[in-house]
Amino acid sequence: MTMQLVVSSLPTRCSPSMPSSFSSASEDPSMETEAPKAPVTHERKLNLDLQEQLPKPYLARALEAVDPSNPQGTKGRDPRGLSVLQQHAAFFDRNGDGIIYPWETFQGLRAIGCGLLVSFIGTILINLLLSYPTQPGRQPSPLFSIHIDNIHKAKHGSDSESYDTEGRFDPSKFDAIFSKYGRTHPDALTKDELISMLKGNRNMYDFLGWVAAAGEWLLLYSVAKDTDGLLQRETARGAFDGSLFEQLQAKKKSI
């Protein structure tokens, strides 16, 4: 009995102590999202409450672009069995045959409000870069067609990773866009913050990915920013599933 009392009174070395430099409320270092000697982890914060705001935020969704404000995705919209990435691309398939030809890309860009020059240059770059990876065989398309069935094969690097490599939508990666870079507004990005995001997502020597990501996001900003010059979270989410393009097209037609 005496031995047991002595042992129980000794300080234990098994329970980990939390260094005072950690900033979160968690007492488990394995759950920390900031490292004291990596300042970038403090500058680019993660949303610690996402698990409470959205069921299973780590689970990539195949059919819906979800976030805490839209846990079921875009209301009243039929995904038609398409992945979220396929839905994004399908807007530019103007005749619905599953293939996007350059003239359809041009028509789609014009439909969402891009000018003639931007639409022309955008069409060349989009179909030139995305055509071959999406072909069903090894032969390139002389018409630079893009096959929606294989659009996941055209995913580039240096992006937000909100699409996974199969074209599903990853809610946690999408949320990180705004938790990391939305400094002035929690649910929106200024142009400077958008550029910071593009720089932060760059993979080393991935020059093609840098250009592709910059082109996509800056084009989105130019056609969808609000009157205060902000790219709203809901606007960006709509771009991922293509619902934003439909809204912009309807808005342009109504003018």
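The protein chain of the predicted model has an average pLDDT of 92, and 90% of the residues score at least 70. The secondary structure of the protein chain consists of 11 helices and four strands. Of the 255 residues in the protein chain, 40% are buried. When contacts between residues at least 6 apart in sequence are considered, 50% of them join residues at least 24 apart.

The packing of helix 7 against helix 10 was examined in detail. Helix 7 spans residues 171–181 and helix 10 spans residues 233–241. Their axes come within 11 Å and cross at roughly 150°. Angles over 145 degrees count as roughly antiparallel, and helix 7 and helix 10 are therefore roughly antiparallel to each other. The crossing of helix 7 with helix 10 is right-handed. On the side of helix 7, the contact is made by Phe 174, Asp 175 and Phe 178. Helix 10 contributes Arg 233, Ala 236, Arg 237 and Phe 240. By type, the residues of this contact comprise four nonpolar and three charged residues, with no polar ones.

In helix 7, the buried residues are Pro 171, Phe 174, Asp 175, Ala 176, Ile 177, Phe 178 and Tyr 181. The elements that cover them include helix 3 (50–53), helix 8 (191–200) and helix 9 (207–224), along with helix 10. Strand 3 (188–189) and strand 4 (231–232) are also among the elements covering the buried residues of helix 7. Helix 10 is mostly covered, with eight of its nine residues buried. These are Arg 233, Thr 235, Ala 236, Arg 237, Gly 238, Ala 239, Phe 240 and Asp 241. Their cover includes helix 4 (84–90), helix 7, helix 9 and helix 11 (243–254), together with strand 3 and strand 4. Just after helix 10, Gly 242 has a positive phi of about 85°.

Helix 4, one of the elements that cover helix 10, contains Gln 86. The relative accessible area of Gln 86 is 12%. Buried means under 20% relative accessible area, so Gln 86 is buried. Apart from neighbours within four places in sequence, Gln 86 is in contact with Ile 148, Asp 149 and Ile 151.

Backbone angles were also considered. Most residues other than glycine have a negative phi. Phe 144 is a residue other than glycine with a positive phi, near 55°. Phe 144 is placed in the loop between helix 6 (116–130) and strand 2 (146–147). With a relative accessibility of 38%, Phe 144 counts as partly exposed. Tyr 205, also a residue other than glycine, has a positive phi near 65°. The loop between helix 8 and helix 9 holds Tyr 205. Tyr 205 has a relative accessible area of 61% and is exposed.

Technical notes
Residues are numbered from 1 along each chain as its sequence is written. This is a predicted model: local features need pLDDT of at least 70, side-chain atom pairs count only at pLDDT 80 or more; totals for chains, interfaces and linings use all residues. Side-chain values use heavy atoms; hydrogens and water are left out. pLDDT is the predictor's confidence in each residue, from 0 to 100. Axes are lines fitted to C-alpha atoms, for helices over the stretch in contact, and angles run from 0 to 180 degrees between N-to-C directions. Helices (H or I, at least four residues) and strands (E, at least two) are DSSP runs, numbered from the N terminus. Angles under 35 degrees count as roughly parallel, over 145 as roughly antiparallel, 65 to 115 as roughly perpendicular and the rest as oblique. A crossing is left-handed if the near helix is turned anticlockwise from the far one by less than a right angle, and right-handed if clockwise. Contact means heavy atoms within 4.5 Å. Ala, Val, Leu, Ile, Met, Phe, Trp, Tyr, Cys and Pro count as nonpolar, Asp, Glu, Lys and Arg as charged, and the others, Gly among them, as polar. Buried means under 20% relative accessible area, exposed over 50%, partly exposed in between (1.4 Å probe, protein chains only).
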